[in-house]
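Let's take a walk through this protein, starting with the overall fold and ending in its core. Have the sequence and the 3D view ready.

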Amino acid sequence: MTSTRETGAERTTVPDWAVGNTHRGGPHFGDLVEQLRSVMDAVRYLDPADDLAIELTTALRGIAGRMQADAVASDDAAADSRKDLPARGNPSLPPFTVLEVGEEGVFADATFRAFHMGRLAAHGGYVSLLFDELAGYATMERVSSGFARTAFLKVDYRSLTPIDRPLRVRVWVDRIEGRKLFVLGTLHDGDRLCAEMDALFLQVPDE
């Protein structure tokens with residue numbers, strides 16, 4: 001299914017999954033995702049005795065089994081669809097909140113957590129993942145139909161990206177040539193530039 005929305009002077013048709021919702025998973029789904037993120041953070045600092053590892057593995061196996069018993073198709077799942085939650089309720093993404101979407105691009109606050117840590121700073125792969133996700137937001141505002149898929153993404157790391165404090169991200173479509181959308185992005189810690197992105201997205205039909 002698709003939805004139609006106004007984008008500047010254009011009417012843009014995008015898949016329903018890309019529009020998002022505020023109801024899948026119910027009112028407590030955000031709490032569930034936050035607890036899962038807390039588990040992921042805790043693992044990053046864990047050095048368990050074998051008895052504790054066995055105990056936690058047993059508990060988590062039971063939780064995973066309960067979740068799998070209630071699984072639905074990915075396009076029907078709450079994760080990655082809840083526009084009212086950080087990172088659309090997707091625990092695999094660094095949590096971010098979109099502040100503004102418009103002609104100047106997408107502006108968001110993002111916080112890398114312990115789970116995203118490399119060596120004393122956020123891992124560069126997670127910085128790239130954040131840029132890729134927000135570039136998707138920016139391109140979906142500009143496609144005329146279907147959606148945009150990443151063709152190329154390059155990140156220049158200008159300084160260490162800290163964890164556990166809000167950072168400002170801006171991603172915007174610099175120009176469009178046919179099906180090609182050229183996307184730029186920046187990540188700042190206050191006035192300090194942490195990383196820059198240069199990417200190419202391609203407009204493709206909804207599959």
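Predicted model: local features only at pLDDT ≥ 70, side-chain atom pairs only at ≥ 80, totals over all residues.

The protein chain has four helices and eight strands, and reading along the sequence gives you the pattern β-β-α-α-α-β-β-α-β-β-β-β. Its radius of gyration is 18 Å, close to the 17 Å that the globule rule gives for 207 residues, so the chain is as compact as a globular protein of that length. If you'd like to picture the box, the C-alpha atoms fill roughly 60 × 40 × 25 Å along the principal axes.

How do the parts of the chain meet? Among contacts with a separation of 6 or more, 64% link residues 24 or more positions apart. Buried residues make up 36% of the 207.

Now for the inside. The largest nonpolar core has 35 residues, and Phe131, Leu134, Val171 and Leu187 have the most contacts within it. Elements giving it two or more residues are strands S4 (105-110), S5 (147-157), S6 (167-177), S7 (180-189) and S8 (192-204), along with helix H4 (124-140). H4 gives the most, with eight residues.

Zoom in on Leu134 to finish. Leaving aside residues up to four places away in sequence, Leu134 touches Phe96, Val98, Val106, Ala108, Val169 and Val171.

Terms used
Residues numbered from 1 in each chain as written. Heavy atoms only, no water. Rg over C-alpha atoms; globule rule 2.2 N^0.38 Å. Buried < 20%, exposed > 50% of the residue type's maximum accessible area, 1.4 Å probe, protein only. Contact = heavy atoms within 4.5 Å. Core = buried A, V, L, I, M, F, W, Y, C linked by side-chain atoms within 4.5 Å.
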